[in-house]
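Trainee: I have a new model open on my screen. Could you walk me through how to read it?

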Amino acid sequence: MSYNEVKEKLDKGKIIILDGGMGAELEKSGAKMHKDLWCGKCSVDTPDLVQKVHEDYILAGADVITTNTYGTTPISLKQYGFGNCVLEYNQKSVEIAKKAVENINKDVAIAGSVSTFGSFYRLGTKAMIPGFIEHLKILSEEGVDLIILEAMSSQADIVETIIECSQKTNLPVWLSISCVMNAKNDKVMLGYSDSIDTDTHIYESLDVAIKNFSKLHKGPILIAHSDINVTGEAVITAKKNFQGILGAYPNRGYFEKPNWKFIDNITPNDYLEYAKSWLKNGAQIVGGCCGVGVEEIKAISVLKN
Ligand SMILES: [Zn+2]
């Protein structure tokens, strides 16, 4: 599907189904996770497994699939000693996504994931700019249909920096951010929590953050890589503070480097009920992040209208 078709659907108020998580699904299929790059190396080490995950998502009903480039940011590759592989790893990931679309022969758009993975805050946002621009350039030149800025887990100024970098691309741009609940005042905040009960990072109020991001970014905003239960509240808050298109693709489980730990407390049918509630509250794009897999995407694909 070209992006025009995705846009046409969104403009008509229709629902777009995004794929689920890549890394966690690769783990399930036996792919080896790299200690620093997580699933970033899989496109080169086990390309067939990456292609299979893409194909499974297309068959499950995804309208948009995302390249396995979350972990292959120039910033992370350079940091972990793979600086001479930036082009190769990213080219390979786009190539695999294209092959999957070709092989299944269904109308699907390819989103290039440009993430903040590996962007150490201590270096300051200025140091991140060349990496973001390089990643955007490579994925655009390799022919993705749109860009998803997966700025999940990042502070507001990093999110603003990656948005500013993306304004140089001619492609449509979606923005993903993650949220956590502030237990002290029950307010949804920009932030993240990967491990259970520990290591929760709380930044600023989501309403303030969304208002600021929307001054720079006019494309869809998606609540991603967040707890399923926080996602509902985050969509409601986002709707109140953003006039554009909204989406949601939360997590199921938690991260324990270098592996995603699955929690089997939510059935695909439960996931469908959650997705319905996000749509009711204003989301138009639904999919899944880490731990949300093919079965969940299949379940929510019935929401397509
Ligand atoms: Zn995730």
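Mentor: Let's go from the whole chain to a few of its parts. This is a predicted model, so to speak of local features we need pLDDT of at least 70, and side-chain atom pairs count only at pLDDT 80 or more, while totals for chains, interfaces and linings use all residues. Residues are numbered from 1 along each chain as its sequence is written.

Trainee: How many helices and strands are there in the chain?

Mentor: Helices (H or I, at least four residues) and strands (E, at least two) are DSSP runs, numbered from the N terminus. Here you get 12 helices and 13 strands. The radius of gyration, taken over C-alpha atoms, is 17 Å, close to the 19 Å that the globule rule gives for 305 residues, so the chain is as compact as a globular protein of that length. That rule is 2.2 Å times the number of residues to the power 0.38.

Trainee: What share of the residues count as buried?

Mentor: Count the other C-beta atoms, placed from the backbone, within 10 Å of a residue's own: 20 or more is buried, 12 or fewer exposed, and in between partly exposed. By that count, 53% of the 305 residues are buried.

Trainee: What is the strand order in the open sheet?

Mentor: Strands of a sheet pair through backbone hydrogen bonds, either parallel or antiparallel. Two strands count as paired if DSSP finds at least two bridges between them. In this open sheet of 8 strands the order is β1-β13-β10-β9-β5-β4-β3-β2, with parallel pairing. At the edges sit β1 (16–17) and β2 (64–66), each pairing on one side only.

Trainee: Which residues of β10 are buried?

Mentor: Strand β10 (residues 246–249) is covered on both faces: Leu246 and Ala248 are buried on one side, Gly247 and Tyr249 on the other. Strand β9 (residues 221–224) runs parallel to β10, joined by 4 bridges, and Ile223 has Ala248 as its bridge partner. A crossover is right-handed if, with the strands pointing away from you, the path from the first strand over the helix to the second runs clockwise. From β9 through helix α10 (residues 228–241) to β10, the β-α-β crossover is right-handed. β10 also pairs with β13 in the parallel sense, over 3 bridges, with Gly247 opposite Ile285.

Trainee: Which residues of helix α9 are buried?

Mentor: In α9 (residues 206–216) they are Leu206, Ala209, Ile210 and Phe213. Take the directions from the helix axis to the C-beta atoms: these residues cover an arc of only 95°, which puts them on the same side of α9.
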